[in-house]
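Subject: Structure handover

Hello,

Here is the structure I promised you. Please open it first, then read my notes beside it.

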Amino acid sequence: MGREFFLANSAQSRLLLPALIYTLSIVSYAQGVITTDTHRLDQVADGVYFATGNGDIYTMSNALIIEREDDIVIVDSHITPAAGRALLDSIRTVSDKPVTTLINSHFHYDHSNGTPAFGDDLEIIGHEVTYEKLTGDPENEHTYQSSLHRFDNTVARLESELANATDADERLQIENQLNYWRRHVEAQSEIVFTPPTQTLRDKMTLYRGGREIQLHYFGRAHTGGDLAIYLPKEKIVFSGDMILGGISYMGDGYVAEWADTLQGLKGLDIKLILPGHGPGITDVGRISLVQAYYTDLTEEIKRLKDLGYSAEEAAARADLREHERTLGVRQLGANLEAVQRMYDIWDGLIQ
Ligand SMILES: [Zn+2]
């Protein structure tokens with residue numbers, strides 16, 4: 001396993017600073033960066049590492065590694081058991097302590113399907129809704145099913161591109177991509193949906209091993225059971241997908257409630273947000289920018305619905321372009337799946 005450790009002030013690490021494309025100032029949030037075969041581990045505090053896939057294996061989502069005196073707590077487990085095992089291998093480059101506890105930020109497949117990699121004795125803590133989802137019919141959750149189609153389509157597209165490619169370099173490039181996605185599709189066959197062993201509704205605090213870890217539920221947002229995992233001493237929060245650098249997937253979301261939930265997040269004293277996807281966010285003011293989008297989307301869709309437009313028409317007409325500068329919304333229109341879901345919630349079809 002190739003392990004390279006760069007100190008934050010070394011010349012090399014300056015080249016490795018994350019691309020904070022959505023902030024004007026480039027601020028490093030890492031004390032150091034460790035590169036493993038499969039991951040980049042940003043050390044964000046003593047014994048706390050933000051784990052992102054480096055492209056060797058498909059992880060799809062980020063994870064957090066929190067070292068305590070005698071053990072390790074992780075938040076989220078990636079998309080497949082194979083990706084989870086890669087995470088465990090990467091953890092081994094920074095600590096040989098056992099991983100005893102996993103916290104689910106939310107139920108989505110890309111954050112929870114790596115869980116079996118961490119063994120049968122693992123304590124898994126999640127929101128009650130996460131438990132309901134992962135013990136319900138997770139295989140047939142629409143978000144999971146559409147991901148399976150998406151990956152199959154990616155493989156099919158690459159196969160046809162390969163069939164039509166004649167240039168040797170181009171063929172090699174497509175073959176590499178094809179192998180990568182085929183490995184991911186194969187890895188999906190190993191998935192065993194693994195629910196929390198312990199649940200919470202509003203708040204839980206872990207005090208073991210010289211580390212305070214708070215789990216907060218501020219309301220529904222990206223799913224019905226999003227947790228913010230907060231380290232009060234370090235002022236770091238792992239936000240799952242309730243806030244990302246941009247707009248989150250809304251297919252299981254509660255858009256009309258989202259801004260209120262983020263208001264709860266703003267009540268924490270935070271200096272670094274580690275999202276479920278993408279790089280860390282040092283500009284905490286971003287919460288307000290994202291919050292404004294969900295508020296405006298709610299108002300705009302409600303306005304169009306009240307005018308009698310169908311969900312399709314409302315999705316086509318919604319104008320959120322005032323969020324171009326902050327969130328890159330350049331086109332007229334909004335995500336149809338999100339708008340349809342908003343209609344269904346308002347019409348009482350979804351609770
Ligand atoms: Zn998600």
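This is a predicted model: local features need pLDDT of at least 70, side-chain atom pairs count only at pLDDT 80 or more; totals for chains, interfaces and linings use all residues.

Residues are numbered from 1 along each chain as its sequence is written, and side-chain values use heavy atoms, leaving out hydrogens and water.

**The cores**

Start with the largest nonpolar core, which has 34 residues. A nonpolar core is a set of buried Ala, Val, Leu, Ile, Met, Phe, Trp, Tyr and Cys residues joined through side-chain atoms within 4.5 Å. Buried means under 20% relative accessible area, with a 1.4 Å probe and protein chains only. L262, L265 and L297 have the most contacts inside this core. Among the elements that give it two or more residues are β12 (228-231), α7 (255-266) and α8 (286-306). Helices (H or I, at least four residues) and strands (E, at least two) are DSSP runs, numbered from the N terminus. Helix α8 gives the most, with 7 residues.

Another core lies apart from it, with 24 residues, including V44 and V73.

In soluble globular proteins, nonpolar side chains tend to be buried together.

**Strand β13**

Is this strand buried or exposed? In β13 (residues 236-240), 5 of the 5 residues are buried, so the strand is largely enclosed by the rest of the structure. Both faces are covered: I236, F238 and G240 lie on one side, V237 and S239 on the other.

Now look at its neighbours. β12 and β13 pair in the antiparallel sense over 3 bridges; two strands pair if DSSP finds at least two bridges between them. I229 has F238 as its bridge partner. The hairpin of these strands has 4 residues between them, and there K235 takes a positive phi near 60°. β13 and β14 (residues 272-275) run parallel, joined by 4 bridges. There, V237 stands opposite I273.

**The rings**

How many aromatic pairs does the structure hold? It holds 9. Rings of Phe, Tyr and Trp (its six-membered ring) pair if their centres lie within 6.5 Å; planes under 30 degrees apart count as stacked, over 60 as edge-to-face and the rest as tilted. The W258 and Y294 rings have centres 4.0 Å apart and planes at 10°, so this pair is stacked. W258 lies in helix α7 and Y294 in helix α8, so the pair ties together parts 36 residues apart in sequence. W258 is buried, at 0% relative accessible area. Y294 is buried too, at 1%.

Best wishes

Conventions. Buried means under 20% relative accessible area, exposed over 50%, partly exposed in between (1.4 Å probe, protein chains only).
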